[in-house]
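Here's a quick briefing to read alongside the model. Have the sequence and the 3D view open as you go.

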Amino acid sequence: MAPEPPLLSMSGITKSFPGVRALDGVDLDVQAGEVHCLLGQNGAGKSTLIKVLAGAHQPDTGRLRWRGEEVTLRSPIAAMRLGIATIYQELDLVEHLSVAENVHLGHEPTAAGFVVRGKAARASTAALLARLGHAEIDPARLVGELPAAQQQIVSMARALSHDVRLIVMDEPSAALDPDEVDNLFRIVGDLTAAGVAVVYISHRLEEIRRIGDRVTVLKDGRAVAHGLPAKSTPTREVVALMTGRNVEYVFPDRPLAPPPGEPVLTVQGLSRQGEFEPLDLEVRPGEIVGLAGLVGSGRSEILETVYGARRPTAGQVLVGGVALKPGSVRAAVRAGLGLAPEERKAQALLMLESVTRNVSVSSMSHFSRGGWIDRGAELGAARAATRELSLRPDNPSVPVRTLSGGNQQKAVLARWLLRGCKVLLLDEPTRGVDVGARAELYAVIRRLADEGLAVLLVSSEVPEVLGLADRVLVLREGRVVHTAPARELDEHRVLDLVMEGSPAS
């Protein structure tokens, strides 16, 4: 008896855009019931390949076979009709529609030939959310009101509302805490046990080992490895394939002793009702202080309140000993605070503008005279700031949307360097950034601190907090449960603290 063909086979796929060959003869095969992991640095071709698979891009050359039969996916609808669903990292949900409306968008439930709205759609959505372990999400609630982690669940529910045989998941754990990741992996296990295939994309190599069956690695638009065993292939081999070089998982050296001097950032009794309890902290010039905790522990809310994007219930923020006006971003920026937010594309970057304009936007008064902008001075200042951070390509005139995730983050940092900020607030600084670029960002952050910048850091990845920070505040349910030098903590200790909520020390 002849063996069953792969559920999906892509062979010799090429795709070019003006001046760029994004895919160069890529092969990929996926078996029913497996988790096939797709790895590669930003710009390696992963996004283009999954858009070809999703019917959003048409390949220039190459063949796709579905269950052994050659197919042409001329649109996302054609892919969905075959049973291929894609959950993109940048979720394509409609914020002003309800959860139920998003889940059934484009294929509303019908009865007797008529579209069924309201109660029936909400009941169907509630069943899907319960299957995903999130029965607490209200199907009638507007998607725009949900946190990022719950929006991810809604996107998964939408995929499962179809008769799917293959699901593509692009960085699905990026906004999830450890418990949510466990639930995600349970869902994936249930799907694969039922014969559904999963193409899983993640920058977190530890996830690949835990959940993957096979790995395909892309580099510069080519598949440099096909179907490697996910659990037994050495990490160094995977990283070398992705980057073309060996990358050591080491963080920059940090000072042996706390930096001298008075705190540049002081937080006294700061709180927001329902989000985090009264908090005290200090950050000195040259110091990196990390906030560790699960999603929902209040980490990002603290950063945004310090920055003035949220108004505190009580307490105050001082920069250089001078209290800031509560709830005023303008006052915070004038005092020398800069924020690199978690969702840099939505909250920090002007995606259609050049790197120059993204870097200069917070310092336009430096380049304007009598209502006119000195474009030459603006370009020169942006070029100097981006070169200091080794942003690539070395051309600040290109649109920021064309940069990789790591270089987009450098553009945000360059903005605050140009502004001359004293305190840098970093929320998930390496989210969506590949392995090689992470090492560069770590070095940049440490160097900025060594040059006298005060840094307050939030990250979902405990090793990142422990590797970068000098001191760590551990949060649980909006309360500081432990404070210690980073060198006195390890990942297991931090996870114990965030789960158990030990008394503050």
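What follows covers a hairpin, the cavities and one serine.

This is a predicted model, so to speak of local features takes pLDDT of at least 70 and side-chain atom pairs count only at pLDDT 80 or more, while totals for chains, interfaces and linings use all residues. Residues are numbered from 1 along each chain as its sequence is written, and side-chain values use heavy atoms, with hydrogens and water left out.

**The hairpin**

- Strand E11 (residues 214–219) pairs with strand E12 (residues 222–229) in the antiparallel sense, over five bridges.
- Helices (H or I, at least four residues) and strands (E, at least two) are DSSP runs numbered from the N terminus, and two strands pair if DSSP finds at least two bridges between them.
- Across from Val217 you'll find Ala225 in E12.
- Two residues sit between the strands of this hairpin, and Asp220 has a positive phi near 55°.

**The cavities**

- There are four cavities of 30 Å³ or more in the structure.
- A cavity here is a set of points, on a 1 Å grid over the protein atoms alone, where a 1.4 Å probe fits but cannot get out; lining residues have an atom within 4 Å of a point.
- Grid points are joined across faces, edges and corners, and a volume is the space filled by probe spheres set on the points.
- The largest cavity comes in at about 100 Å³.
- Its lining has 13 residues, with Arg204, Arg431, Gly432, Arg438 and Glu461 nearest the centre of the largest cavity.
- Sorted by class, the lining of the largest cavity has seven charged, four polar and two nonpolar residues.
- For those classes, Ala, Val, Leu, Ile, Met, Phe, Trp, Tyr, Cys and Pro count as nonpolar, Asp, Glu, Lys and Arg as charged, and the others, Gly among them, as polar.
- The second largest cavity holds about 70 Å³ of space.
- Residues lining the second largest cavity include Leu39, Val215, Leu228 and Thr233.
- Helix H7 (205–211), E12 and helix H8 (235–243) each give two or more residues to that lining, and H7 gives the most, with three.
- Eight nonpolar, two polar and one charged residues make up the lining of the second largest cavity.

**Ser360**

- Ser360 lies in helix H12 (residues 355–360).
- Ser360 has a relative accessible area of 0%, so it's buried (under 20%, with a 1.4 Å probe and protein chains only; exposed is over 50% and partly exposed is in between).
- Its side chain makes a polar contact with the side chain of Glu378 at 2.6 Å.
- A polar contact is a pair of N or O atoms within 3.5 Å; within protein, one must be able to donate a hydrogen and the other to accept it, and residues adjacent in sequence count only if both atoms are side-chain atoms.
- Leaving aside residues up to four places away in sequence, Ser360 touches Phe367, Glu378 and Leu418 (heavy atoms within 4.5 Å).

How values were computed:
On a 1 Å grid over the protein atoms alone, a cavity is a set of points where a 1.4 Å probe fits but cannot get out, and a pocket is an open set with protein on both sides within 12 Å along at least five of seven lines; lining residues have an atom within 4 Å of a point.
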